[in-house]
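Have the sequence and the model open as you go.

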Amino acid sequence: MLNGIPINFYIMLSAVLFIIGAVGVMARRNAIIIFMCIELMLNAVNLLLVAFSTLHNDASGQVFVFFIMAVAAAEVAVGLAILSMVYRNFKTIDIDLLSRLKN
Amino acid sequence: MLGYTITQWLFGILSFLAIMFALMVVFTRNPVNSVLYLVLTFFCIAGHYLLLNAQFLAVVHIVVYAGAIMVLFLFIIMLMNLNADTEPRKHIVTRVIAGLVGGVLLFVMVGALKGAEQLQLVHGGSSQIGLVKNLGKVLFSEFLFPFEIASVLLLAALVGAIMIGKRDTNINSKESTN
């Protein structure tokens, strides 16, 4: 129990948020929305790490979340740079049209 | 109030709002609205961090995600002039299959994780681990090397983003001269 809330609730909340993100990645075609859904999945994992960190009274989990935030920021910066480059060359960010690697 | 404490009410409300806003991120057609709903989701998650006594992370989360990353997203969306009219949509079959896969994944996860309430609680130590003082002590003693590596990673991402994002005038001029 974390302040009267069972750890189970946090696990289920994280699972639901993660799956909403995963469905978003599968169901949308706009590359930016897919990026945002990946951020949502990262945040679901972060929430679970913080919950377990508090459960076990160990600060390592929160330090991990700190590092995940740094990596996510780097990933978003490079990813959005790539997307703006792709948009400049192809005038679209529809991932179904950006399938040049397939052929 | 019906036998629940304030914390439990807050947890319920924040969870409900977070899930609703996350669903709106996926199901809104306009990308700008998606970004705004994602910001609201992040505020709800920051509220969860506060409930979990992770005050420092809550503040960092709002500053980094809602403040920096989402502004970057909004900026790119406005640069590309995207709106609901130009929004590409997947075929209805693909979307139904995506929903089904998500549902099955949720089913599997709930089934696999439902025994987690049997986890043993570890007592001892202070409940103040989320404060800057304690996190800083851990970060700069136990995790000093990863911290330095993270700075190198951020520098590499900075240089990479600039290199990818800038317009290569040199390549075009070389092609045109050849």
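What percentage of the 103 residues of chain A count as buried? The answer is 50%, where a residue is buried if 20 or more other C-beta atoms lie within 10 Å of its own, exposed if 12 or fewer, and partly exposed in between, with C-beta atoms placed from the backbone. This is a predicted model, in which local features need pLDDT of at least 70 and side-chain atom pairs count only at pLDDT 80 or more, while totals for chains, interfaces and linings use all residues. Residues are numbered from 1 along each chain as its sequence is written, and chains are lettered from A and ligands numbered from 1 in the order in which they are written.

**Chain A overall**

- Chain A has three helices and zero strands; helices (H or I, at least four residues) and strands (E, at least two) are DSSP runs, numbered from the N terminus.
- Along the sequence, the pattern of chain A reads α-α-α.
- The radius of gyration of chain A is 17 Å, whereas a compact globule of 103 residues would be near 13 Å; the radius is taken over C-alpha atoms, and the globule rule is 2.2 Å times the number of residues to the power 0.38.
- The C-alpha trace of chain A spans about 55 × 25 × 20 Å along its principal axes.

**Where chain A meets chain B**

- Contacts link 63 residues of chain A with 73 residues of chain B, two residues being in contact if their C-beta atoms, placed from the backbone, lie within 7 Å.
- On the side of chain A that touches chain B, α1 (7-27), α2 (31-55) and α3 (60-90) of chain A each give two or more residues.
- The most comes from α3(A), with 21 residues.
- That side of chain A divides into 46 nonpolar, 12 polar and five charged residues; Ala, Val, Leu, Ile, Met, Phe, Trp, Tyr, Cys and Pro count as nonpolar, Asp, Glu, Lys and Arg as charged, and the others, Gly among them, as polar.

**Helix α2(A)**

- From first C-alpha to last, the 25 residues of α2(A) reach 36 Å, close to the 36 Å expected at 1.5 Å a residue; the expected span is 1.5 Å times one less than the number of residues.
- Because 19 of its 25 residues are buried, α2(A) is largely enclosed by the rest of the structure.

- Lys91(A), in the segment after α3 of chain A, has a phi near 60 degrees.
- Lys91(A) is exposed, with 9 other C-beta atoms within 10 Å.
- Asn53(B), in the loop between α2 (31-51) and α3 (55-80) of chain B, also has a phi near 60 degrees.
- Asn53(B) counts as buried, with 20 C-beta neighbours inside 10 Å.
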